[in-house]
Amino acid sequence: MMPTHTVVTRDEWLEARRAHLAREKEFSRLRDQLSAERRAMPWVKVDKPYVFERAEGKVTLGDLFDGRRQLIVYHFMFGPGWEEGCPNCSFLADHIDGAVPHLAQRDVTLLAVSRAPLRQIEAFKKRMGWRFTWVSSYGNDFNRDYHVSFTKEEAAKGAVFYNFGLREFRSEEAPGLSVFYKDEHGEVFHTYSSYGRGLDLLMGTYNYLDLAPKGRDDDALAFTMAWVRHHDRYGDGAGSRSQR
């Protein structure tokens, strides 16, 4: 069912909108403060020599910066032997290509990393029509060190270390974001990581939905992203015309 709301005059609407604008500005100031606090957090030097595989060959974590000082890594859920990448991670990845050239102008490289072998990654990337850099961490400790991959035994127990605490998580792979900085000496530092709802910021579709009358419309779903499909599996888009 469509939401029901009080219908008012334009002047009454304007009064309500101005009141809400004050709250939006308060939120914007708080977000700016939170972002400043995030940037002021201490860093951790990365000493482990991670080696990844990309289309051009084997590369180090430092190489992934691609000549820039800042690196944002999306930990894409795609494990060895999986037939395809996670639909929810794919939903987020649909927002990456448009951001990459703009971020490059601000000294930031954005890419994805998964534990699946590169041949699996390349095949799925081709299917989805993505252009962004996506490298394989198959065979190294990168995913485990940044707490987005777990052993079968850990996953079977349910409680794994995820989002900075022990959580119930049944999969061997989890989504996340990690940020790194490389200084003038080539030393790399881990500056930030985020998981769970912290990844909402990367999904512009959610921002559009939050503006719409029905919002995210997910209260009755089994879980909040149950509606998400790979973008080539939405069929004729009938859901967009739903009168729920």
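**Note on the predicted model**

1. Glu 84, Arg 127, Asp 232 and Arg 233 are joined in a network of salt bridges. The model is a predicted one, and the count of salt bridges in it comes to 19. Side chains of opposite charge can pair when their charged atoms come close.

2. Is His 230 buried or exposed? At 2% relative accessibility, His 230 counts as buried, because the cut-off for buried is under 20%.

3. How many disulfides does the model have? The count comes to zero. Cys 86 is in no disulfide, and the nearest cysteine sulfur, that of Cys 89, is 4.0 Å away.

4. The side chains of Arg 23 and Glu 26 meet in a salt bridge, at 3.1 Å from N to O. Both residues lie in helix α1 (residues 10-39), three residues apart, which is about one turn of the helix. Arg 23 is exposed, with a relative accessible area of 52%, whereas Glu 26 is partly exposed at 42%.

5. Helix α1 also holds Trp 13. Together with Val 8 and Leu 14, Trp 13 forms a nonpolar patch on the surface, and the accessible area of the three together is about 260 Å². Trp 13 is partly exposed, with a relative accessible area of 44%.

6. Another salt bridge joins Arg 197 and Asp 200, with the closest N and O atoms 2.8 Å apart.

7. Asp 66 deserves a look for its backbone. Most residues other than glycine have a negative phi. Asp 66 has a positive phi of about 55° although it is not a glycine. Where is Asp 66 placed? This residue is in the loop between β3 (57-60) and β4 (70-75). The side chain of Asp 66 meets that of Arg 68 in a salt bridge, at 3.6 Å from N to O. Arg 68 counts as partly exposed, at 22% relative accessibility.

8. Phe 164 is a further case of positive phi: the value is about 70°, and the residue is not a glycine. The place of Phe 164 is in the loop between β7 (159-162) and β8 (165-168). Although its side chain is that of a phenylalanine, Phe 164 is exposed, with a relative accessible area of 55%.

9. The largest nonpolar core has 26 residues. Which residues have the most contacts inside this core? They are Phe 76, Phe 78, Phe 124, Trp 130, Phe 132 and Trp 134. At least two residues of the core come from each of α2 (87-93), β5 (108-114), α4 and β9 (176-182). The element that gives the most is α2, with four residues.

10. Not counting residues up to four places away in sequence, Phe 132 touches Ala 93, Ile 96, Asp 97, Val 100, Ala 112 and Lys 125. A second, separate core of 16 residues includes Val 46, Leu 111, Val 135 and Phe 180.

11. Last, a point on distance in sequence and in space. Glu 122 lies in helix α4 (residues 118-128) and is partly exposed, at 32% relative accessibility. How far apart are Glu 122 and Gln 105 in space? The two are 17 residues apart in sequence, and their C-alpha atoms are 26 Å apart.

Terms used: Residues numbered from 1 in each chain as written. Predicted model: local features only at pLDDT ≥ 70, side-chain atom pairs only at ≥ 80, totals over all residues. Heavy atoms only, no water. Buried < 20%, exposed > 50% of the residue type's maximum accessible area, 1.4 Å probe, protein only. Salt bridge = Lys/Arg side-chain N within 4 Å of Asp/Glu carboxyl O. Patch = residues over 30% accessible without salt bridge, like charges linked within 9 Å, V, L, I, M, F, W, Y side chains within 5 Å. Areas by Shrake-Rupley, 256 points an atom, 1.4 Å probe, with all protein chains shown as cover. Disulfide = S-S within 2.5 Å. Core = buried A, V, L, I, M, F, W, Y, C linked by side-chain atoms within 4.5 Å. Contact = heavy atoms within 4.5 Å.
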